[in-house]
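Dear colleague,

Please find below the structure that I am handing over to you. My notes on what was found in it follow directly after.

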Amino acid sequence: MLVALLHQRRLLRRPLRFPDLGAHAAARRFEGGDPDAVVKALDRATARLTAEPPAHLGEATAKQAVQQQEVGDPRQRLDAVLAVAERLEQARNGVKALIGKRARQKPSDAETYSLLTGDVETLTEVLGRIESRAEAALTELRGLKQALPAAEFGQLLQNGENQLTDVIGPLGGVRGTLTKKVGKKCVAVAEQFPAAAPIPSAEALDLLALLPPWQQPTSVLPPEAVAAPESVETRETPQTPESPMAFADDPVRAALARADDALRATFDRAAATLDAYSGPALRAGPVAMLRDYVEGTRAEALYRTGRGGQARAVWNQMLARNPLDLALLRNLAVAHTCAGDVAHATAAWRAYLVAHYLLDLAEGAPYGHAVRRAELHELLTRGFGTACLRRKPPGPEEDLDSVPLALASRAKTVAVAAHLRLEALNRIICHRDPAIVLGLDRSAGAEQVRAARERRLAFVERACAELPGSAGPAFAALCAKAVEAAADRGPARSHAGNEELAAHLEWVKGLLLLKVRIREGVYRDDADWPCTEYSGDVIGNLRLLDEVGPDPDDDFVLRAAQQVAPGMEPRQFLRAYGAIADQARDLAATKVLEHLRTAGDEVLARQFPLIARSWVRNELPADYLLLLDSPDEVYKEVVSSALRVLAEAAEELDEADRPVVEAAVAAMTRWVTRLPGATGPARMLARLHTALGRYSEAGAVLRRARQEAFSEAGRLEVDFAFVRLALDSERFAEAVERLRALAGGGTDDPRVRVWLLEGYARWIPSEPGRASVADITRDLSPWTDEETVEERRRLVVYAVVQPHNARGGALTALVEELRSIRRADPGNLHALEQEVQALFARAQEIRLQMSQASGQRRRALGAELKEAVRQCREAGTDFAGRSADEAARARIGEILSRLR
């Protein structure tokens, strides 16, 4: 440590920074005009960099120099003191003037904020130098009173003492003015500009240049008045690619190159002083810290003189030795951000944030950096173009249009939601108090503690899932231990003071005010975001923020809600502001329907598909998608007359009614054009075409609608419209095939069952023999309710009996088919009833044949008749005992009474 301190004080005597950053920045941005002022300022800075400081020549030489200085000419020493007093007064007046100028400026943007913070730092340094130099000058002056005759020099000495006293006296007030009028403004908005580095103005740096750091505490003479011995440094300044000789025609660039050469040489000399140390000494300990100091100041100087890429390279080299150095990580993050490198800036800020977690993981406790992590997460919630998401209520005249715009980005909202969760986790954990950790009052019972423990553990797991890699599970385990410890202690043993509880409540109130701001920005009567292409994105992203919380079962959240909305029951407030997405969705539906009624054809045809796709992309509920797909309310007036005619008409339209339907066709054709992608207008148009008997036109409309549909729900509705068209145009095989495909696709729409029953019921008599028993059984088997089973049995029997009735045939074959149905389905009483009727008809047929036969043929027919009667009576008796249908039993009873 002693070696490092001696090294720093004796070998690193040159200032490791550029003396006039304002002049350097002005030179880089110089575009024309008089270059003299810029060149002179740069040359002054270069001279200060290259001037050799006084060398330490050993103790004897130092004592000799002090003795020579003490016995020097008192008159010269007095002149030097008075000159210093003039300079100090000039510097103080300059500081006061610059403070007045900066007090009138507001840090409304990053550039102004950097200027003001840079000037505050620089002027604070100037005031410190003025005070220390003035006190030293007063000491020197009072010593001269003993060496100079009072008669000749008394008045000069008194004037000098008065002047220095006047300089020192008001410095406290000047500092206070600087803090109150400039510093506080910067502190108030610091969180809005986390990446803005302090950049002092040229005026502030000029004031600092009036008072260079004072190396001679035993003399008030300025450093430039002391003859400096030859430096022990002999290293040559390396030639740079931008040699000053290359800019003979450009004095500003030449001066800038000279200044950069001098700065580079300064750091090369400083780095060369470390060459004497061996490898192990540079890897750890004070010497390693000295090396990091030299490299860090080199990177800072490079960055402040416009060489951000070189600065980042140096910081990255340093980071390779210490990957968790928070200062290095922050410097890299700020540098990438200011350079506009979004990808690297995001990665750098993420690394900086994760390092705070890894440091606590190394310590084995989640508390050490919890407060800083929470502050960073809070800042980052407004660092993704979401600065409008502030934690204060909106003002009466405040424009909140930026809120929906910020919520339109999924990436931004996902980041904000993740940071809100992690901020909440760190805010809770940092207190270590069981009541705050669990979110319970001190009076909570054991059951409440168990419930709170489960809620907190689930929250810890969800929040830590946002952390990258293995840091998430590891940190979740640490936080879970903290929650378990809080639950074991119980909220009754809370040690939090009033100030700590008040601070936690203020943070919770901030979250609730953020919810208020979001809702006020989204749920407004004059909102226009619902009719934009990011309408669904806003709703979907609001769902993400609704999931963040805060926890409505947290006692502190309830208490904060009571303070935010005193006239509202806390849980009601949390319900209202915890489901903003649902409210925004209802508002969007209302606004979109109004827009459909009022917007022009071209505007609507362009906007509607964009709105619809955003709703689908964000997976809005099916009923809302159908509302957009079939906005019947907006065009019901133009089709109401036609629909009334269709409801009152018989199977075919009267000629008097056709013009009404024709007019509705024209109106709906316009709506199909206005709402591309919506299948509702197209399905209505197809229905009207079908009523007019234009089946091919209806099919063409439906095919185009299915191709352009924006949602699967809309395509499904078109598929059902195709089925309806096939049924209405008596293409029953096609209708059944489409319904079979719909059922196989997994839809559970009840129309599949109803229309299958209708399709088979109409298909069987229209094309006897086409609908098979196997097809009917297979297609209707998924429905096992009593009504469907009964209808299926009826249709199966109908499919067997109808071809026989239409074409005729042997009754024995019909009886065998009916018995086959009963063997497959013993409960099919319709088959049993038809079997009884078929056997009775067969008996009647045999009796007729017997009347025309004789002999052996008649005897054979008689035996056959006897068997048919027996079978008919047995089947009839079985049916009468099983059937609950009185009418059917009466029919069978009539048959049985006629058997003989």
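Phe 710 is buried, at a relative accessible area of 11%, where buried means under 20% relative accessible area, exposed over 50% and partly exposed in between, with a 1.4 Å probe and protein chains only. Please note that this is a predicted model, in which local features need pLDDT of at least 70 and side-chain atom pairs count only at pLDDT 80 or more, while totals for chains, interfaces and linings use all residues. Residues are numbered from 1 along each chain as its sequence is written, and side-chain values use heavy atoms, with hydrogens and water left out.

Aromatic pairs

The search of the whole structure gave eight aromatic pairs (rings of Phe, Tyr and Trp, the last by its six-membered ring, with centres within 6.5 Å; planes under 30 degrees apart are stacked, over 60 edge-to-face and the rest tilted). One of them joins Phe 608 and Phe 710 edge-to-face, with 6.1 Å between centres and 75 degrees between planes. This pair links distant parts of the chain, since Phe 608 belongs to helix α27 (residues 601-617) and Phe 710 to the loop between α32 (695-708) and α33 (712-728), 102 residues apart. Helices here are DSSP runs of H or I with at least four residues, and strands are runs of E with at least two, numbered from the N terminus. Phe 608 is buried as well, at 1% relative accessible area.

The rings of Phe 720 and Trp 755 also pair edge-to-face, because their centres are 5.9 Å apart and their planes stand at 75 degrees. Phe 720 lies in helix α33 and Trp 755 in helix α35 (residues 750-766), 35 residues apart. Both Phe 720 and Trp 755 are buried.

Salt bridges

In the whole structure there are 64 salt bridges (a side-chain nitrogen of Lys or Arg within 4 Å of a carboxyl oxygen of Asp or Glu). Arg 427 is bridged to Glu 378, with 2.9 Å between the closest N and O atoms; the former is in helix α18 (residues 410-429) and the latter in helix α16 (residues 370-380), 49 residues apart. Arg 427 counts as buried because its relative accessibility is 17%, and Glu 378 because its value is 18%.

Another salt bridge joins Asp 779 to Arg 740, at 2.8 Å between the closest N and O atoms. Asp 779 is buried at 8%, whereas Arg 740 is partly exposed at 25%. Finally, a network of salt bridges links Asp 629, Arg 683, Glu 717, Asp 749 and Arg 751.

Yours sincerely
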